[in-house]
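Subject: Structure handover

Hello,

Here is the structure I said I would pass on. My notes on it come after the sequence and coordinates.

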Amino acid sequence: MESNKKYWKGLEELQKTPDFVEKNKGEFAEPLPIEEVLNEAGLSTITPRRDFLKAMGFGLGAVTLAACQTAPVHKSIPYLIKPEEVVPGIPNYYTSTYNGHSVLVKTREGRPIKIEGNPNCLLSKGRLDANGQASVLDLYDVSKLKNPVLNNNERASWAEVDQFVVTELNKLVGKKIRIVSSTLNSPSGKAVVADFITKYPNTKHIQVDAVSYSGIIKANEVSFGKAVLPHYAIDKADVIVSFGADFLGTWISPVEFNRQYVSNRNGASLAKKKMSRHIQFETGMSLTGSNADARILIKPSEQGIALLSLYSALGGTVSAPQKLTNNPKAAAAISIAAKELAGAKGRALVVCGSNDTSTQVVVNAINSLLGSYGTTIDLDNPSFQHAGSDADFVDFMNEAKRGEVGAVIFLNSNPGYDYVNPKEFTEAINKIPLKISFADRKDETASLCQVIAPNHHYLESWNDSNPFEGYYTIGQPTINPIYNTRSAEQGLLIWAGNPVKDYYQYIQNNWAKTVLAASGKTWKELLQTGSVYLGAKPSATSAFAGDVNAASQAILTNSSNLAKGASKDTVELQVYQNVSIGDGKAANNPWLQELPDPVSKVTWDNYIAISPKYAEKLGYAEYDLVKVTKDDYSVILPLLFQPGQAQGTISIAVGYGRTHAGKAAKEVGKNAYPFLSFINGTLQTTSRVTLSSTGELPYELARTQTHHTIEGRNIIRETTLKQYLQDPTSGTGKHFQNKVGLWKEYEHPGHKWVMAIDLNACTGCGACVVACNVENNIPVVGRDEVRRRREMHWIRVDRYYSFEEKGNSVTEENEINHMEDADNVSVVYQPMLCQHCDHAPCETVCPVLATVHSSEGLSHMAYNRCIGTRYCANNCPYKVRRFNWFNYWNDSRFENYMNNEFTQLVLNPDVTTRSRGVMEKCSMCIQRIQAGKLTAKLDKRKVVDGEIQVACQQTCPTNAIIFGDLNDPTSQVAKALSSERTYYVLEEINTQPGIGYQTKVRNTAEA
Amino acid sequence: MRSISLFLRSVTKSLILFTTLTFTGVYVSHAQSAAEGATLFKQKCTSCHALDKKVVGPALKGVSDRHKEDWLVKWINNAPSMIASGDKEAVAIANEYKPMVMTAFPELTPDNVKGILAYIKAEETKPAAAPVAGPVSGDGSQSASNGEVSNFELGGVIAIAVIALLVIFVLNRVIKSLERVALQKQGVVLEEEVASGPAFRKLLKNKKFIFFIVLVLVIFLGSAGWKGMWETGVHQGYQPVQPIKFSHQLHAGINKIDCQYCHTGAYKSKNASIPSLNVCMNCHNYVQATEKYNGEISPEIQKIYKALDYNPDTKVYGPNKKPVEWIRIHNLQDFAYFNHSQHVKVAGIQCQKCHGPIQTMSEVYQYSPLTMKWCINCHKETEVNHKGNAYYDRLIAAHSKLKKGEKPTAAVMGGLECGKCHY
């Protein structure tokens, strides 16, 4: 049975706006400016024949002269003393640590060029998210400081800095010293801070995170007497109910959660006829919400009440039971969720993204009722990934304002940008005599400090981390420091006059006492594996001891404040982190800026997400520039019509509007941190704001979602769990047995490289896109070029909306005109890349045979043969070919990492950089295939399945992409493609793609 | 052009050889054994001994005076056993050079040893000649290579000469007719000039002849132009002057050092890699060629020491290291991927197949054209070395073309596909 359900990428496609129709006519949105050339400065101006001939003559002569030089002389400079482990041309891999995840760093001739997850890592299991993949570029960032800064002298020496700091620190008598850092979970780093405190006893270490989890930590203290961030085990949960927690996108530990979440929903799980159920209550469309089986819209003010009513529905007693009277849909969903949760006690999990202590107390109460503690939530082996305390930082601010603080040291922390009130912060720290920052660049906070002691990038320094109880990872430097920087911990050691001056030595000493002693392993052994797990502590019983009634009171007050004075222009605002930029620390990374937001597909900007219907009611059109005001802070941002945004609410992403981060982050979006509210001792992501029209011209967001559409052809296949259990092939559509073709059949005697992509495992996180960028030297084109539909990504994750089906009925196309349906959309993500068709339409039309088929099933692309007719892109039904409109690697107009001598170092030497006028596309990481084959040949053996991994597959946190040799019947990919759920996109046109997709299965409960 | 220069070089070489031979033949009596001894000396002895300088072992100058010939033969054949047997002289030497022990060379016949000794003796007698001879021969070959003219230059010179002649001829004609016009104006009626060569004139007026000449010119210039264009960017024969006059002839040819001793990457990586200087130092911390330079360390070897800031007396590297900037000879375009290990280790191809008679090159030049045509031709002709390599088993078994009886060349196995080299 084939569904004729309508899938659409954006509202403009749905409504067929004239602009969309016009731009979508051809493969390329903009016609060539031939008219302009002919009519304007081109031929019509007086170009005398003589001038023309002169120019011709000069050109001919110049070319002739230039050609006289035989060849440029290339130098070859070998090592003087070659390190034994380096063989030029062969990469070395080292273990290191990124953000608590153990990683493998690929280096070529001594420079790191790619980060991959370490298969030994308990958090990532060898996978990594987009941020981790992109982090290698920050190493070479030219916006970083090249030397320490002392009193605005940008060429200070370390000796001067050390002398100044030590003298100044010793001058402070009776004044307080404060070290302000983001979460510090490095055991050695903590020990260094402790040693510093011993030397300067007036010191206190304050941890503060831009996006804080202190509500959860406090709630656990109130409820169980354990002030910890628990370690969640989503893989043990059969029913997951999330209230605004974007655990697949940004919440606590997304890489780990992605893997755990999909382990109950992927092919292996479905084969066991098992699939978890996920219900999401949220305001804006998050990555997690878009993957949920059921998604219910609630306003931020309704979140606490929804939790309270769920608590009552589960049998919890509360003095004043609450009902969601204004939102009957959510109220009904709460009772369904309660029933499902109650039916899965011990296998259920409720999480909430709120940073409000009272709300989290209610969540704890619910989880306690469900028996989640000890099963899906571990309080005794907590996570140390976030430990910031909002209240501590506010205390520090008050101390500073009173003039009690004599010195402050900022470590990996930037409150000048991400504190709720930057002005107040500036005033407060201006009262501190000695201000020191370890920032790697002159960021918003560091520019207020006298001393900037630039810290190493994580690939330049020794480090360690302890992301959760019992799990330790080692960070290893893989390159000599690029600039004159120094590890922050080393600085603290020197300033504290520690007898151990070398941080490397310090870590080893520290580990010898702790981890090495406990694990019985040597430092070198651990350096090889990268991490060590000392085992879990036994979990004690946790009896809930919180006060739900008190929490309920606080929630109600908070909620009524949020909903108060509901006039035409005041709306509830939800501030969130998006998947690519996160909290804004990596805002200067062009790879991340150009990674489209998974849901809205916007690049290079933040925006106001609003429901189309609600915007219509307020009288705004899409992309209107609107002013958002809270108290005395306001920003002007464009409106973005987001299907699935709750009525009466807007959402704005943090992490944008950096002023001091560097070239790429400059003038990208607006800062949304000041919209946070400090309530009951925590910073909360909700507030009440006023919208007002600016009357300015609409702002064009660089949005990729409707680029490369597939002309309304039905390329998504989905089914429900119920149908799947009856018939595993349900929803895969008709299988075409088209014997007639224009093309000859290819023989694949050796390998047949193919790929399987499980739509049910893909969560749309975008890690594959960045991994592909890094591996294949894909240029960044910048906002303007993305607006012209010229982004270069070889793999894109298409996001399709469809209207929620009622029962089994098919949504009629004309229902689309009713905007209210845009609230209830379901989402499917589909990674789309070159399908390596056996009958490739692109290959047939190339006039110069620049793209041809190989005997291994790949569609090859010879760049130096391509003359740029672009016929192939025009003829590709999957829209996966990309044209180089410029020499991106050598053009200073682009925010590109390729056009300066530092960031160029990140390029993969095994892949050519493409020149202007050349077509490119996914090569299936042919450099990796060739390298893998060669290794096998050198060892005189067959290629082992799994030995060759393409970049997107390697990093996919959920293992949704499987690559391999179809000619090997035992390979993972052959097994995956033999699944009943497999279908091929556009197989009806007989292109015989090499990539098979598996249907999306939804666990929609017809309760 | 390469072939011409090769020819020139071989001519010069044979000339030099001929003169040297006649020279030496006149007054060196035991030339035969001394010449053989010279080769053996370089192969076996120079790694530890110099003629006039103590290196690892003693200086060999005057060794025949210090020891009897019979004793020396025995000693060189098996020194350790002589020391063990308690021979007085042997023990004395062993004590002096502790812990180094003279290596045994059982493969040398008494005649071989005598040859070596003869060579040493001969070298002693002409102390001044040796240092002059070395550099002269080196410079000679270098100037030959530098004086070499490229295709382009040669063609250019000829073309310029031809054009100049034509211009002179035409100008001459113009002047003559102008003169005639001027004279006519003055009223002077000239008699028809008596044709100097009536046959030549006739020929010039013969259309068939003119057509033939034009045709020849078109063919000649056209083919020359075509060839020139076709070979643009092809640098076959490219032989730049390197910062160190490293001789493959000496190292790979005479000393027979295996290629992969220095070019370790060739067997495991895409880059054959130029050896780092610490590899040179494996030998050259004692091989200093002092016998050629009056006891001084060879200036070329000194360049290594300088780059490494190495002190030969203390034998330590200093802090002021400076890398050697070799000039790259084989410049394969960036868009073509070439992997040495695939060709050398997997396919088992000799280095000489692409790099030419490297063991005879005192200075390396580009032997192969490195064009795509050249690559493709080889891929079409060369059979894949699949025997005993399990990787190829399935491919060989499943390939329909092989079943039809085609040879398993690289091309048949997919070695001509674009993506095998271009990505």
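This is a predicted model: local features need pLDDT of at least 70, side-chain atom pairs count only at pLDDT 80 or more; totals for chains, interfaces and linings use all residues.

Chain A overall

Chain A contains 32 helices and 41 strands. Its radius of gyration is 29 Å, close to the 30 Å that the globule rule gives for 1007 residues, so chain A is as compact as a globular protein of that length. The C-alpha trace of chain A spans about 80 × 70 × 70 Å along its principal axes. Buried residues make up 55% of the 1007 in chain A. If one takes the contacts in chain A between residues at least 6 apart in sequence, 74% of them join residues at least 24 apart.

Helix 17 of chain A

This helix covers residues 422–430, and its buried residues are A:Phe425, A:Ala428 and A:Ile429. Those residues lie on the same side of helix 17 of chain A because they cover an arc of only 85 degrees around the axis. A:Lys423 and A:Asn430, on the other side of the helix, are exposed. Among the elements of chain A that cover the buried residues are helix 15 (390–401), strand 14 (405–411), helix 16 (415–418) and strand 15 (434–437).

Domains of chain B

Chain B is divided into domain 1 (29–142), domain 2 (248–381) and domain 3 (390–420). Between the C-alpha centres of domain 2 and domain 3 of chain B there are 34 Å. Where these two domains of chain B touch, four residues of domain 2 are in contact with five residues of domain 3. The domain 2 side of that contact has one nonpolar, one polar and two charged residues.

Contact between chains A and B

Chain B puts 44 residues into the contact and chain A puts in 39. On the chain B side, helix 14 (277–284), helix 15 (299–308), strand 3 (326–327), helix 16 (340–346) and helix 19 (393–398) each supply at least two residues. Helix 16 of chain B gives the most to that side, with four residues. By class, the side of chain B that touches chain A has 17 nonpolar, 18 polar and nine charged residues.

B:Trp326, in strand 3 of chain B, is the bridge partner of A:Ser76.

Regards

Terms used:
Residues are numbered from 1 along each chain as its sequence is written. Chains are lettered from A and ligands numbered from 1 in the order in which they are written. A residue is buried if 20 or more other C-beta atoms lie within 10 Å of its own, exposed if 12 or fewer, and partly exposed in between; C-beta atoms are placed from the backbone. The arc is that of the directions from the helix axis to the C-beta atoms. Two residues are in contact if their C-beta atoms, placed from the backbone, lie within 7 Å. The radius of gyration is taken over C-alpha atoms; the globule rule is 2.2 Å times the number of residues to the power 0.38. Domain bounds come from an automatic or database domain assignment. Ala, Val, Leu, Ile, Met, Phe, Trp, Tyr, Cys and Pro count as nonpolar, Asp, Glu, Lys and Arg as charged, and the others, Gly among them, as polar. Two strands pair if DSSP finds at least two bridges between them.
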